[in-house]
Amino acid sequence: MTPIDRSGHRAPRRIMTVRTRLIVVASVAITALLVLVVVNAVPAWDKQRNLRNDSTTGRLGGEASLPLFIAAQTERKLTAAYLAHPSSAAKAALQGQREKTDAGLASFRRLSGTELRTDQRHRWEYVEAVYQQLDGLSRVRKNVDAREGEPDESTGYYTSLINKMISFYQALSAMDDGPLTLETRPLVGLFYASDALAQQDMLITQARESGQMTDAHRVGFAEAYGTQQVMYERWIAPYLPEQEKALYDKVTGSPEWKELQAAQRSVITPPTDELGKEQIGDRASLAQWDDAYGKVSGQLAGLNLQRTQGLLAHGFQRADEIRTQVFLQAAGSLAAILLIAGLIIWLIRSISARLRQLRQQTQEGAERLPQVVDRLMRGEVVDARAEFPDPDRGDEFSDVQAALVEAQRTAVRQAADQAADRRGIGAFVAAATERTLGHINRALGHLERVMARPDVDPALLDDLITIDGAVSASRRHQEHVGTLAGSMRQDLYDRPRSLLDLVNDAAVETGSPKRVTNEVTDTAYVPPQHAAATVKVVAALLENGIGNSTGDVTVRSVKAVHGFALEIEDTGFGMPQEAIDAANAELAQHNQATFEAMAQRKGHLGLFVVARLAGRHYLSVSLRRSAYSGITAVVMIDNKALTTMTQDVVTPPTSARPQPTALTATATGGAPSHGSLPRRRQPVLDPAAAHAQRRAQHLGAGTLPAVTDADAAALPRRSAGQHLNPILRGGARAPQQPGARAESDPQQVGTDWADFQSGTQQATEYDPHR
């Protein structure tokens with residue numbers, strides 16, 4: 001939490017020094033460069049690693065699958081021939097091919113699985129797809145041997161297996177490098193084209209064995225032929241490297257290729273016999289098919305292997321180039337970083353040295369500023385220019401120092417203006433409050449005199465009491481304002497007061513004493529210098545409890561180690577816990593509240609007044625939720641604010657004005673007397689406390705216990721008219737005693753006016769605003 005200084009302002013938080021900031025900036029810059037190097041190097045390093053792993057996977061898995069790829073094509077052809085004409089020779093040929101396929105399968109499983117590390121198994125989901133397809137190989141062979149199912153279903157299994165292997169080749173060809181990806185395009189095309197030619201070979205063989213070619217098989221033959229032509233013309237020939245392109249041209253320009261082309265065209269557009277029945281194809285062309293296909297397929301298989309090996313070699317070569325490039329870039333970047341780090345260190349050392357000089361020059365002024373501000377708050381006159389002289393001019397740092405000195409001078413001038421404004425506002429508020437209280441006290445005095453008249457009507461008395469309560473509330477509010485202004489005079493009692501009496505006085509101050517249940521039982525006494533403030537604090541809390549509840553407010557006393565506590569409990573609406581915490585925080589702030597904070601309360605000054613008085617008179621006030629969902633206010637009176645009844649009577653300050661004797665009712669409830677009454681020992685009260693006691697006579701005791709001040713003498717009864725001067729009593733002239741002077745005697749006239757002059761003088765002295 002940010003600390004708070006004595007003036008109530010939050011102290012500035014510690015910040016990093018400029019040197020630290022420079023070091024941080026330099027560290028961030030160097031780190032950013034390192035991060036940039038890493039950001040640039042990591043993708044390149046990952047790229048070369050992926051290329052190397054792809055090439056490794058392609059070398060072990062891709063090359064290992066070529067024998068299986070060719071063997072699957074041959075087994076598909078022999079399976080179709082056996083299903084078309086199940087002879088013993090066809091069976092033997094198929095069995096021999098199956099052994100070759102199994103050998104290729106074993107090589108594929110070993111090289112593509114166990115010899116590859118886990119981090120090198122790229123595109124492994126395609127390998128697993130091939131494994132899943134191979135799981136059904138034994139079932140298909142069993143069905144073929146038993147001649148169960150459709151022939152196309154059996155041959156279709158091999159076609160699916162070959163297509164999954166081509167997908168595996170295509171996935172391996174998607175390398176993380178543009179030129180290599182371009183090289184892989186003809187390789188995939190070669191696999192598709194070679195399988196399309198193998199499918200044509202299977203369909204021709206199947207048709208020969210069965211003696212005819214169905215329409216569906218002829219359509220499939222035409223589709224395979226179209227795939228072959230598209231692949232060769234669009235995806236193979238334009239993208240083959242120069243060496244493979246020469247081999248490809250040699251294959252496509254050979255007589256065998258031309259014989260295959262002639263046979264393919266004759267199958268797509270077959271001739272008819274004498275009966276008009278379509279033949280499989282031209283007999284002469286088909287007679288050359290087997291020899292031509294054997295040579296061309298072998299040449300294409302060699303081309304596929306050469307293209308695969310060339311691609312893998314280029315993959316390893318490209319990975320090595322990228323790795324070398326990463327090393328060179330990293331070495332160059334690190335050298336640049338070291339150079340920049342050296343320059344930054346030199347710059348930091350230079351700036352740090354100059355900043356140390358600047359700090360030494362300005363530290364004295366920075367330490368003096370709070371002292372100057374404190375002097376201003378105490379009312380001293382300060383010369384800002386003399387306190388903060390102009391610095392020596394020099395480089396840019398001296399300009400900074402000059403700006404700092406000017407800012408310090410500005411702060412001093414503003415602090416001086418604010419201190420003057422605060423003193424002026426406080427004095428103005430105090431003067432206005434004193435004047436307003438004078439008017440209010442005079443109005444309360446008029447009300448008291450009217451209420452004390454013996455002929456006042458009871459109903460009118462109730463109305464006067466209501467008006468008296470409203471005017472008293474205005475008086476209490478003005479006293480709150482005066483207290484917060486800091487110059488409100490606190491008049492003293494002339495003797496210690498018990499907690500019971502103080503709670504009674506506070507209850508009367510609220511205007512609703514009948515709603516206060518005083519259950520104070522402890523016989524503790526508050527000295528005169530703290531009694532009035534304690535009454536105001538308790539009255540404010542009682543008034544808050546009465547205003548926020550419909551029932552009574554109960555006051556109890558509790559003996560504590562450090563003093564006595566008054567618990568003021570209401571059964572009202574209560575407050576949320578957040579509001580209680582906020583109120584307790586304000587009650588704990590005993591310093592002068594800011595005008596902004598008081599303005600936010602919109603005239604509700606009770607918390608500020610209670611906090612201010614508590615800080616001055618050793619009181620501690622806190623709120624908590626009561627058992628009745630209301631609020632319990634606890635006023636802890638420290639032992640420093642307590643005394644014993646045997647303490648000497650405190651003489652009121654000489655500045656305190658004389659107070660009139662409080663008007664009291666007779667023991668029988670009669671009206672107060674306006675005449676000369678026997679003097680009783682009365683405490684010296686401030687106007688508010690005196691009015692509270694007098695007002696209690698009109699409001700009644702309610703639920704308040706009797707006052708514990710038992711040493712006051714009982715008042716005598718009076719008879720009607722006894723309050724008048726003997727001269728005026730009875731409306732007639734008093735009988736002249738023997739030896740008395742005549743009314744026109746100057747000595748007699750002076751004697752008769754003496755009482756009048758004395759009363760006038762007392763009234764003048766009592767007026768607080770004379």
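Modeller: Helices are DSSP runs of H or I with at least four residues, strands are runs of E with at least two, and both are numbered from the N terminus. This is a predicted model: local features need pLDDT of at least 70, side-chain atom pairs count only at pLDDT 80 or more, and totals for chains, interfaces and linings use all residues. Residues are numbered from 1 along each chain as its sequence is written, and side-chain values use heavy atoms, with hydrogens and water left out.

Colleague: Thanks! What is the mean pLDDT of the protein?

Modeller: pLDDT is the predictor's confidence in each residue, from 0 to 100. Still, 70% of the residues in the protein reach 70 or more. The mean pLDDT is 74.

Colleague: What percentage of the residues in the protein is buried?

Modeller: The protein has 21 helices and seven strands. A residue is buried under 20% relative accessible area, exposed over 50% and partly exposed in between, using a 1.4 Å probe and protein chains only. Among the 770 residues, the buried share is 40%.

Colleague: And among contacts between residues at least 6 apart in sequence, what percentage joins residues at least 24 apart?

Modeller: Contact means heavy atoms within 4.5 Å. Of the contacts between residues at least 6 apart, the share that joins residues at least 24 apart is 76%.

Colleague: Let's visit helix H7. Is histidine 217 buried or exposed?

Modeller: Histidine 217 lies in helix H7. Not counting residues up to four places away in sequence, histidine 217 touches Asp152, Leu203 and Gln206. Its relative accessible area is 16%, so histidine 217 is buried.

Colleague: At what angle do helix H7 and helix H9 pack?

Modeller: Axes are lines fitted to C-alpha atoms, for helices over the stretch in contact, and angles run from 0 to 180 degrees between N-to-C directions. H7 covers residues 215–236 and H9 covers residues 255–268, with their axes 10 Å apart. Their packing angle is about 140 degrees.

Colleague: Which word describes how H7 lies relative to H9?

Modeller: Angles under 35 degrees count as roughly parallel, over 145 as roughly antiparallel, 65 to 115 as roughly perpendicular and the rest as oblique. The angle of H7 and H9 is about 140 degrees, which makes H7 to H9 oblique.

Colleague: Is the crossing of H7 and H9 left-handed or right-handed?

Modeller: A crossing is left-handed if the near helix is turned anticlockwise from the far one by less than a right angle, and right-handed if clockwise. The residues that meet include Phe221 and Tyr225 in H7 and Trp257 and Ile268 in H9. The crossing of H7 and H9 is left-handed.

Colleague: Now, what is the hand of the crossing of H15 and H16?

Modeller: The axes of H15 (residues 499–510) and H16 (residues 528–547) come within 8 Å and cross at roughly 50 degrees. H15 and H16 are therefore oblique to each other. Their crossing is right-handed.

Colleague: How many nonpolar residues does the contact of H15 with H16 have?

Modeller: The contact includes Leu502 and Val503 of H15 and Val535 and Leu542 of H16. Ala, Val, Leu, Ile, Met, Phe, Trp, Tyr, Cys and Pro count as nonpolar, Asp, Glu, Lys and Arg as charged, and the others, Gly among them, as polar. Two residues of the contact are polar and three are charged, while the nonpolar ones number 10.

Colleague: Which residues does serine 154 touch, beyond four places in sequence?

Modeller: Serine 154 is found in helix H5. At 7% relative accessibility, it counts as buried. It touches Thr79, Leu83, Val140 and Val144.

Colleague: What is the phi of arginine 147?

Modeller: Most residues other than glycine have a negative phi. Arginine 147 sits in the loop between helix H4 (137–145) and helix H5 (151–173), and with 43% relative accessibility it counts as partly exposed. Its phi is positive, near 55 degrees.

Colleague: And what is the phi of serine 629?

Modeller: Serine 629 belongs to the loop between strand E6 (619–625) and strand E7 (631–638). Its relative accessible area is 46%, so serine 629 is partly exposed. Although it is not a glycine, its phi is positive, at about 70 degrees.

Colleague: Last one: how far apart are the C-alpha atoms of valine 558 and valine 520?

Modeller: Valine 558 has its place in strand E4 (residues 553–560). At 34% relative accessibility, valine 558 counts as partly exposed. Valine 520 is 38 residues away along the chain, yet the C-alpha atoms are separated by 8.4 Å.
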